Amino acid sequence: MLAIEKVRKVFGATTVLDGVELVVEPGEVVSILGSSGSGKSTLIRCINGLERLDGGRITVDGFNVSKPRELAEARKRSGTVFQLFNLYPHMTAVGNVMLAPVEVLKLPKKEAEARARRILDSVGLGPRADAYPAQLSGGQRQRVGLARALAMEPRYLLLDEVTSALDPEMTAEVLGILAELARSGTTMLFVTHEIEFARRISNRIVFLDGGRLVVDLPTAAFFSAAGGMAHPRIAQFLSKMQKD
Amino acid sequence: MRYTEFTPYDIVLLAQGLGVSLALFLATSAIGLVLGTLWAVTRFYRVPVLSQALAFLAELLKNSPVLVQLFLVFFGFPAFFRVNVTPVEAALITLSANTAAFVYVIAVSGIESVGRDQIEAARVFGLTRWQVLRRVIAPQAAAFATGPLVALLVNQLQVTSLISVIGVADLTKIGNILNLRTLKPFVVWTVVGLLYYLAAKLVALIGARIETRLRAHSAWRGL
């Protein structure tokens, strides 16, 4: 269980997260919607320990990310995929995917490489496994980013606007794989602007506005007139997003 | 026999001088590279006191003439610490420390050239600071730093000529001796200069090879 309790995060005078409460159970796909600056990415960065909390508590399977000793365990259980890929440019696709399994899980190199090639194959990059990031398209790079996270066999996949830097065709490549993962029961926390896609794959949808969690509803209820749409801020956001 | 003539043995003398210059260059470069890199690592780990002290020492070494540092070690150390310093020891200490100071500056900028996103990407998967330094930062910093490092080493090769002043029989010292004997400065210093030039070219060539290898991953960039 991924538990976020009364989380507060402040940057200078700005409160970016203000008392956010959220629980993600294994097997769930939870999408986080909200306009830019609403705190979505910061929430992900708090879960994987890249930002220090200014209040509240986050636990991943009971491991508190604010305690240095427990953070390592928490990080082993969550895999992050970044908006701008953040691949290691000096390593091939296989090198990128096998680094953490070798260094952190202490897998023998051969085994880690076999695992890396298998996962790259499953995201359709088998033939490009030995290419460097600079030789790959944006969609291919993000699929490497996804494979890198999956290689750690995380219990929770944290996806931070993973298609925001991609054109529609490349977005489709990546979303196709995410849909596949959702069907196979991978737990995901999915920060996105792809509303239609979120609607298709999510069990629940959470809406953030100005660092506050406005609603946390089952997908169908979120898009119903009596549920999420009853909030003027959400109705406004959805109508704007769907016009584009 | 007239002593102002060149003899075949002079070539052996010049080769010996070149050997001494190259040996000192290689030894001080190796020590300087290791020391300078270690200094940069203490800065990466923000070791209190030590990292500030080393940054200050590097500042002193970078901003004072090598010749003055050499005199300080060769004449100053024996007087102050009451130890005997041979010319070769003085040359080794001075040139190694001087190279280390410049390597430190280049290594620090190399480490800082690696983006935060790279460090974060490795940290979220549970790599320790040391693993991040070794597997993610160092290879990228090395690719960044090779160009400046080769330029530095080519320059440090020329700087070794200063040690002739305290009596080390390097290439310049041999040139000086031949010059005094033959009284043909134009010939002697042209040959000596050419030998330094060839050695420097060799260093640059090896450096370029290493740089190409370290940057293999970005070979497609710019297409």
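In what order do the elements of chain B run from the N terminus on? They run α-α-α-α-α-α-α-α, and chain B accordingly has eight helices and zero strands. Helices (H or I, at least four residues) and strands (E, at least two) are DSSP runs, numbered from the N terminus. The model is predicted: local features need pLDDT of at least 70, side-chain atom pairs count only at pLDDT 80 or more, and totals for chains, interfaces and linings use all residues. Residues are numbered from 1 along each chain as its sequence is written, while chains are lettered from A and ligands numbered from 1 in the order in which they are written.

The C-alpha trace of chain B spans about 80 × 55 × 20 Å along its principal axes. Of the 223 residues in chain B, 35% are buried; a residue is buried if 20 or more other C-beta atoms lie within 10 Å of its own, exposed if 12 or fewer, and partly exposed in between, with C-beta atoms placed from the backbone. Among the contacts in chain B with a separation of 6 or more, 76% are between residues 24 or more positions apart. Two residues are in contact if their C-beta atoms, placed from the backbone, lie within 7 Å.

Helix α7 (residues 171–182) and helix α8 (residues 185–214) of chain B pack with their axes 9 Å apart and at an angle of about 165°. Axes are lines fitted to C-alpha atoms, for helices over the stretch in contact, and angles run from 0 to 180 degrees between N-to-C directions. The two helices α7(B) and α8(B) are therefore roughly antiparallel to each other, where angles under 35 degrees count as roughly parallel, over 145 as roughly antiparallel, 65 to 115 as roughly perpendicular and the rest as oblique. The crossing of α7(B) and α8(B) is right-handed, a crossing being left-handed if the near helix is turned anticlockwise from the far one by less than a right angle, and right-handed if clockwise. Residues making this contact include B:Leu171, B:Gly175 and B:Leu178 of α7(B), and B:Val188, B:Trp189 and B:Val192 of α8(B). By class, the residues of the contact of α7(B) with α8(B) are eight nonpolar, four polar and no charged. Here Ala, Val, Leu, Ile, Met, Phe, Trp, Tyr, Cys and Pro count as nonpolar, Asp, Glu, Lys and Arg as charged, and the others, Gly among them, as polar.

Between the chains, 18 residues of chain B are in contact with 20 residues of chain A. On the side of chain B that touches chain A, the elements giving two or more residues are α5 (116–123) and α6 (129–159) of chain B. The most comes from α6(B), with six residues. This side of chain B has eight nonpolar, six polar and four charged residues.

Chain A contains an open sheet of six strands with mixed pairing, in the order β6-β7-β8-β3-β9-β10. Its edge strands are β6 and β10 of chain A, each pairing on one side only, and the twist averages 15° from one strand to the next. Two strands pair if DSSP finds at least two bridges between them.

Strand β9 (residues 204–209) of chain A has five of its six residues buried, so it is largely enclosed by the rest of the structure. Strand β3 (residues 29–33) of chain A pairs with β9(A) in the parallel sense over four bridges, and A:Leu33 stands opposite A:Phe207 in β9(A). Strand β10 (residues 212–218) of chain A runs antiparallel to β9(A), joined by six bridges. In β10(A), A:Asp216 is the bridge partner of A:Val206 and A:Pro218 that of A:Arg204. The hairpin of β9(A) and β10(A) has two residues between the strands, and A:Gly210 takes a positive phi near 55° there.

Helices also lie across this sheet. Helix α1 (residues 40–47) of chain A lies across β3, β6, β7 (156–160), β8 (187–191) and β9 of chain A, running at about 145° to β7(A). Helix α5 (residues 138–150) of chain A lies across β6 and β7 of chain A, at about 170° to β6(A). In helix α2 (residues 68–77) of chain A, the buried residues are A:Ala74, A:Arg75 and A:Lys76; what covers them includes β4 (55–60), β5 (63–64) and β6 (78–81) of chain A.
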